[in-house]
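Subject: Structure handover and notes

Hello,

Please find the structure below. My notes on what was found in it follow.

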Number of protein chains: 4
Amino acid sequence: MNIAIVGSSGYTGGELMRILLNHPKVTVTAITSEKSAGKPITSVFPHLAGLTSLVCEPLDPDTISKKSDFVFLALPHVTAQEAAFRFHLLGKNVVDLSADYRLSDPAVYATWYEHTHQYPELLKQAVYGLPELYREKIKKASLIANPGCYPTSAILGLAPLMHKGRIDPGSIIIDSKSGVSGAGRSPSLAHHYPEVNEGFMAYKVGTHRHMPEIEQELSSLAGKQVTVSFTPHLVPMNRGILTTIYAKQKSPVVTDQLHVWYQDFYQDAPFVRLLPVGQFPNVRNVRGSNFCDIGVYADPRTGRAVVVTAIDNLVKGASGQAIQNMNLMMGYDEAEGLRFAGVFP
Amino acid sequence: MNIAIVGSSGYTGGELMRILLNHPKVTVTAITSEKSAGKPITSVFPHLAGLTSLVCEPLDPDTISKKSDFVFLALPHVTAQEAAFRFHLLGKNVVDLSADYRLSDPAVYATWYEHTHQYPELLKQAVYGLPELYREKIKKASLIANPGCYPTSAILGLAPLMHKGRIDPGSIIIDSKSGVSGAGRSPSLAHHYPEVNEGFMAYKVGTHRHMPEIEQELSSLAGKQVTVSFTPHLVPMNRGILTTIYAKQKSPVVTDQLHVWYQDFYQDAPFVRLLPVGQFPNVRNVRGSNFCDIGVYADPRTGRAVVVTAIDNLVKGASGQAIQNMNLMMGYDEAEGLRFAGVFP
Amino acid sequence: MNIAIVGSSGYTGGELMRILLNHPKVTVTAITSEKSAGKPITSVFPHLAGLTSLVCEPLDPDTISKKSDFVFLALPHVTAQEAAFRFHLLGKNVVDLSADYRLSDPAVYATWYEHTHQYPELLKQAVYGLPELYREKIKKASLIANPGCYPTSAILGLAPLMHKGRIDPGSIIIDSKSGVSGAGRSPSLAHHYPEVNEGFMAYKVGTHRHMPEIEQELSSLAGKQVTVSFTPHLVPMNRGILTTIYAKQKSPVVTDQLHVWYQDFYQDAPFVRLLPVGQFPNVRNVRGSNFCDIGVYADPRTGRAVVVTAIDNLVKGASGQAIQNMNLMMGYDEAEGLRFAGVFP
Amino acid sequence: MNIAIVGSSGYTGGELMRILLNHPKVTVTAITSEKSAGKPITSVFPHLAGLTSLVCEPLDPDTISKKSDFVFLALPHVTAQEAAFRFHLLGKNVVDLSADYRLSDPAVYATWYEHTHQYPELLKQAVYGLPELYREKIKKASLIANPGCYPTSAILGLAPLMHKGRIDPGSIIIDSKSGVSGAGRSPSLAHHYPEVNEGFMAYKVGTHRHMPEIEQELSSLAGKQVTVSFTPHLVPMNRGILTTIYAKQKSPVVTDQLHVWYQDFYQDAPFVRLLPVGQFPNVRNVRGSNFCDIGVYADPRTGRAVVVTAIDNLVKGASGQAIQNMNLMMGYDEAEGLRFAGVFP
C-alpha cells in the first residue's frame, strides 16, 4: 500500500517515516512540507539518510492522492481540518494526528481551539483512534482522529477503573510529565535548551487543551459528565510521558484486585504492558517503542487508586498509534511494523 | 563563630561548605568524614579548591567540640541519633540534617525508619526547623531537626491553606518531582547515569519515608490527623524539587483570594517568593539558592486549589535551610549569608 | 540460526537482544548471566518486556552450545578469553565483543590489559571485525574480535587517508567524546548521575587502552608503526561517540578532493554515510542505528585534514557491528536486520 | 560605585546582575534592554526575584551616564561599537563583552565580522582584558575588550608554554567543547532542546570567529604569526567550556617539569587552579565560578604537550572576567566579589 505523509518535517512526521520505512506492508510514496518543498527529507531529518530518497513536495491533495492510498496528516490543528476533508472527499483513508477531529462536539472544539470547525459533518464520521477502547470502530473507519499524547496516557490509565465503575468520577486527578518533543519542532524561548535543561515546571495549570479531550473519553466511559484536574509538566528529556493518576475508589480493594482488573481489561491489547504488583513504569523503557507501561497501587491509607502510565509521546502518543490505527483499518495485524523494543539506555 | 560540619563528604556537606565559606559571621573550623579522614576536603569536592584548606578528620565529638561552637550533622539517619546526643551533652548547638529528630513520636520513627529511637528525651527537645512555621521556637532551640526536602516543598505549599482551615484535609494529594542529588552521593544502579538520563519514574508510591513527616506537620496545622497521598518522582536533573499539590476547598474562592492569603502568610518570610497570579514556578529559578517559589491556582471547574512549589533540594531543602536555622538560633539576620541568587541558566 | 548471547545483562547484551529480536534470519535461544541466572531477561531489561520470554542461565559452554549455533560474547575482558576458546573448541562461530582477541601481539595485550593471554594460538586465528576494512577475511573467520567503540570511530575516520598514504602518520591527533553507556552498567561514583550531568571532562589522557588498538590498525594501513595522540572525553549523554581527527596532509588538497577519496573508499560500505562537503556529523543522527557518519575538511590555513565521525557506541561501536560481522560470516546480506534509522529526537 | 549594564536581558547580562548584586564595592543603578524596556529585570530573569527591583530602560547613553560611573556592555557585536564609543566619550570606564574591540587590526575584524570598524582610533586604546596576561595594562585602561569564552580557555592553556617558547607554534591544535549558553538566549532550531539534548557535534570547523582572536594573542606571545587548528563542539549542558590542546614540544620534558612552568606562570593568578599532576579538569567544578582549572600532560610517546582547561563560559568566559577587569581598573582587590565556589552538583 502506498502511503502519503502530509506535514513531514515535524517530529511526528519524522517518526512516521522512521517506523513506516520498516513496515512490511506499506511504502511511503509521497511526503509534503511547505517550507522544505523540493528538498530531500534527509536534509530535514539526517538520521534517515541512507534509508530513503524521498523529496518533500507542497501539499496538493490531488497530486498526493494520485501517488498514495492512505494519508497521514501531521499538520498543525486548524490546518488539518480542510486537508482531512479534501483527502476524505478523494476517497482516501485518513489518520489525522492533529486535534481537529478529536472533540466530537464542535462547540467544545471552538471553545478550546478558538476556531469554528468547518466540517461538522465529517467530524461526526471521525473515530477516536484509541485502539484499546475502539478497536472495532477503527476497523471500519475511514477517518481517524489520532489521540493526543497526554490523553493517551491518561485514558489508558483510567479506562479499566472507569469501565468497571469503581471510582468516584469527581475525584480524578491527572498529573502528567512530558518530554520536550511534545512541544514540537518550532524553536521558542520556552524550549530553548538552556531554559529547559536542569529545569522542571508545571504549565497551563487547569487550562491545557488536552483536558476536554480527556474528559470527553472519560465521560463516555463513565456514562456521565466527568470533570478532572489535569496538570502537565515539562521534563528535561526528549521523549516520554509519565502520568500519575489519583482517584477515590468507591469501595477500596487491594492492589492485587486492581491488578486483575487491569489484566483482564488489557488482555488482548498488544501494546499495553501491565507491570507486576509493586513495580511502576519508567519512560526510559518505552522510549522509541509503541508500548504503554502501567503500574497500579491501591493505597490502603487513603482508599485511593494510584495508577502510573508511561508512553513515548511521539510513538504510542502519536505516530506509532497512528500506524496501529492504520493496521486496524487495513486489516493487517494490529502490531505489524510496531513489534520492536525501545532504545535503552 | 566556629562551625563544625560532621559528615562533610556528601552533597549536603558540600553545600554547607559552599555557603558557609561566604557567611560573614562564621568560620568553618572542623569537618569530619570517616572515609576521607586525613584528606583535604578539596580532594572530595574539587569545586572548593582555592577557597579552603580544611582537612577531614574522623568524628570524635570531644575533639570536634573543642574546635567549634556550633555543629551541623550531615550524617545518615540512625547514625545521627547518637552524634546529636553527644554534641548536645557537650553543650553545642546542633542542626541535624538527618531524619532522626524530625518525627516527634518515637513509635512513628521506629515504624518508618526500622530502628528504635535511643534518645526519646532529647527528641522531645528538638524543634522542627521550618522557619516559616516555627521561627520563634527555633530562636530558642538548641537542637534543630532540619526538615526533609520533600516535606519542605509540601508543607510550605499547604501551610497557608491549612492554617486558614480552607481545605478538606482528607483530599490532599502531593505529587513531587525531585532531581537526583536528593538520592545522595553513593553510587547505585538506580542512579547510574544512563539509567536515569532520559528517564522519568515514580518510586516508593505511597510508601516514602517523608510521608509521615509531611503528615505530622499538616496534622499539627490542621489540629487533627491528616492522611495524604504522596508520590515522589525522579527527574533527570541534578537539583530541585517541584511539588504539585491538589486539595478540595471547603468553599471555593477565586485565585486572587488564594493569592492574598499566601501573601499574608508569607509576608515576613524572606525566602518565600509568591509568584504573580497566572505564573507557576520552575526549579531552574531556585537552583543554588535558598528560595522557595510558589504559584497558586483556584480551579473553578473542580473547586480544587492547585499549588505548585519549587525549591533547591540541597539548599532550601537541606543545607541552606540549616544555615537559616543557625542564623535564627544565633540571633543573626535570618538571611545572613543566604541572600544570593540561584545560578541560571 | 540459533544464537546465544553470553553475558546478557550489560548494555551491549541488551543491544544484541534488541536488534536480534527483529533479525529475520536468527532466533536467540540462550542467554547467560551469572548474577541474573534464573531470572527472565525482562527483569534485567524491562524495555524488552512483551517481546521475549528468555530466561538467563549460568555460563556453561556445553549446555549453551547444544542450544545454539552462533555465540556472541558480551563479557568483560580477561573473562572472555576462555569463553571464546571453549566455544571455538565446540565448533561454534564466535563474535567476541571484549578486547581479548583484538590485539594481535600478546605482549601488547599483556602490557595494556595486565594479564597474560592464555590462548595465543587462538589469538592468531581471530579476525579484527571491522567490515569496512576486513570484509573478506571476516566472511571466512570463525572467531571475530569485535572492535572497540573508540577505535571504530577513529579508524573509520582515518582509513581512506592512511590507505592513500596522504598524511604524515606522526601527526595524527584523535580527540574523542563518548556518551556514558560506554563505561558499562556497573555503578561507580564517576558515573553517578549528579557527577556526570552538567559535567564534561577528559580522562585517561594518553593512557587509554583503546590507543594500542587504534595504533595497531593504523600501522597496518600505513605499513609502518604509527603513534597517535588519543584523548577520550565523557559527554553527559547516554549514547554516541564523536571523534575529531587532525592530521597533516603530505601535500594539501582541497576539501572536494578529500571528499572524493572518502566516497571512493566507502562506496560499498552500507553503514558509512559520508556527509556533503560543509556538513559535519552529530551523534544524534546515529543514535540507536548502525551508521557511521563522516564529515571531512581540508584546512587551507594549516594544511591539515580534519575528519569528524559519529557512531552509536553501543551499535556500530559494539552490538550492531557484531551483528554486521555475523551477517558476513554467515553469508547473509551485510545489512540484514540492521537497516533501521536511529531514533531522533 | 554605580554600575550600568547595557544589554541586560541576555545570559551574560543575567550573570553580571547575579554577581554584582553581591559585590561589596558597587551598586547596579541602571540596566538597559530595548525589548524589555519598562519591565522589571525579574520578569526577564525570575531567578533574581527578591534581590533587585531594577527596571530595564532603553539605551540612551546620556541618561545612563548620569546614573552610573562604570558601564558593562553586553550587546551583540557591531552594536557595541558605537555604544562603547559614546560611553567613552562621556568619560565612563567601559568593559565591552562583545567582540568589537578585541581584534586590534580593523582589517581582520572586517574579514571575520563582515562589518567595517567605525572607531579604529578607539580600537587602538582598547586593552584585551585577560588579567593573567595584561594585568598592568588593564589597571590603566578605560576601555576593556573582554575576551571571548573560547579564547579565554585556549589562551590560558597555552600561555605558559608560548611564553617560554617551548612549543612549535605551527603544531597547535585546540579542540574545544562548549555548553549551550555560549550560543546566547535567542531561540533557534540549532539550540532547540530536543535537537541538542543527547546530541554532540562539531561546528564551524576551521571557520569560527574566535580563531583570529586566539591567533592574535598566541602570536603576540610567540613574537611571530601563529596559525592554529581550532574546532568548537556543542555539549548538551548549560554551561562550561573544556578545551583540549595539543602542541609539539621543541624538546620534550616530563609532566612534572611542565607542571612547574605552569605553577610559576600562574602563581599570582587568583582564578587559575593548576591541578596536581595526573588530574584533569571537569567543567562541573567551575560551574558558576570564575575559576579556570588546568591539567597538563607531557606525552612521552609523541613528545606532545597536552593541556586541558575548564572554565564556566558565562563567568570566567564572560561576566566574571568582566568584573575581574573592573576590579583591576578600579584598584579593588582583583578577586573582590568573585571569591565564591561553583555550584556542584
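In β14(A), V306(A) is the bridge partner of Y297(A). Some ground rules before the rest: this is a predicted model, in which local features need pLDDT of at least 70 and side-chain atom pairs count only at pLDDT 80 or more, while totals for chains, interfaces and linings use all residues. Residues are numbered from 1 along each chain as its sequence is written, chains are lettered from A and ligands numbered from 1 in the order in which they are written, and side-chain values use heavy atoms, with hydrogens and water left out.

Helices (H or I, at least four residues) and strands (E, at least two) are DSSP runs numbered from the N terminus, and two strands pair if DSSP finds at least two bridges between them. β13(A) and strand β14 (residues 304-311) of chain A pair in the antiparallel sense over 7 bridges. The two form a hairpin with 5 residues between them, and G303(A) in the turn has a positive phi of about 75°. Strand β12 (residues 272-274) of chain A pairs with β13(A) in the parallel sense, over 3 bridges; there C292(A) of β13(A) is the bridge partner of V272(A).

Buried here means under 20% relative accessible area, exposed over 50%, and partly exposed in between (1.4 Å probe, protein chains only). Of the 7 residues of strand β13 (residues 292-298) of chain A, 7 are buried, so the strand is largely enclosed by the rest of the structure. In a regular strand the side chains alternate between the two faces of the sheet. Both faces of β13(A) are covered, with C292(A), I294(A), V296(A) and A298(A) buried on one side and D293(A), G295(A) and Y297(A) buried on the other.

**Chain B against chain C**

Contact means heavy atoms within 4.5 Å. On that basis 20 residues of chain B are in contact with 20 residues of chain C. The area buried between the two chains is about 1700 Å², and carbon and sulfur atoms give 55% of it; buried area is the accessible area (1.4 Å probe) that two parts lose on being put together, summed over both. H192(B), Y193(B) and N238(B) supply 40% of the area that chain B buries against chain C, more than any other three residues.

There are 2 salt bridges between chain B and chain C, a salt bridge being a side-chain nitrogen of Lys or Arg within 4 Å of a carboxyl oxygen of Asp or Glu. One salt bridge joins the side chains of E195(B) and R185(C) (2.8 Å, N to O). Helix α9 (residues 193-196) of chain B gives the largest share of the side of chain B that touches chain C, 4 residues.

**Other salt bridges**

Over all chains the count comes to 75 salt bridges. R185(A) and E195(D) form one through their side chains (2.8 Å, N to O). R185(A) lies in the loop between β8 (173-178) and α9 (193-196) of chain A and E195(D) in helix α9 (residues 193-196) of chain D, so the pair joins two chains. Both R185(A) and E195(D) are buried.

Within chain D, the side chains of E132(D) and K316(D) meet in a salt bridge (2.9 Å, N to O). E132(D) lies in helix α7 (residues 131-140) and K316(D) in helix α12 (residues 315-330) of chain D, so the pair ties together parts that are 184 residues apart in sequence. E132(D) is buried at a relative accessible area of 9%, and K316(D) is buried at 0%.

**Helix α1 of chain C**

In α1(C), 9 of the 10 residues are buried, so the helix is largely enclosed by the rest of the structure. What covers its buried residues includes α9 of chain B, along with β1 (2-6) and α12 (315-330) of chain C, among others. E15(C) and R18(C) meet in a salt bridge between their side chains (2.8 Å, N to O). These two residues are 3 apart in helix α1 (residues 11-20) of chain C, separated by about one helical turn, and both E15(C) and R18(C) are buried.

Regards
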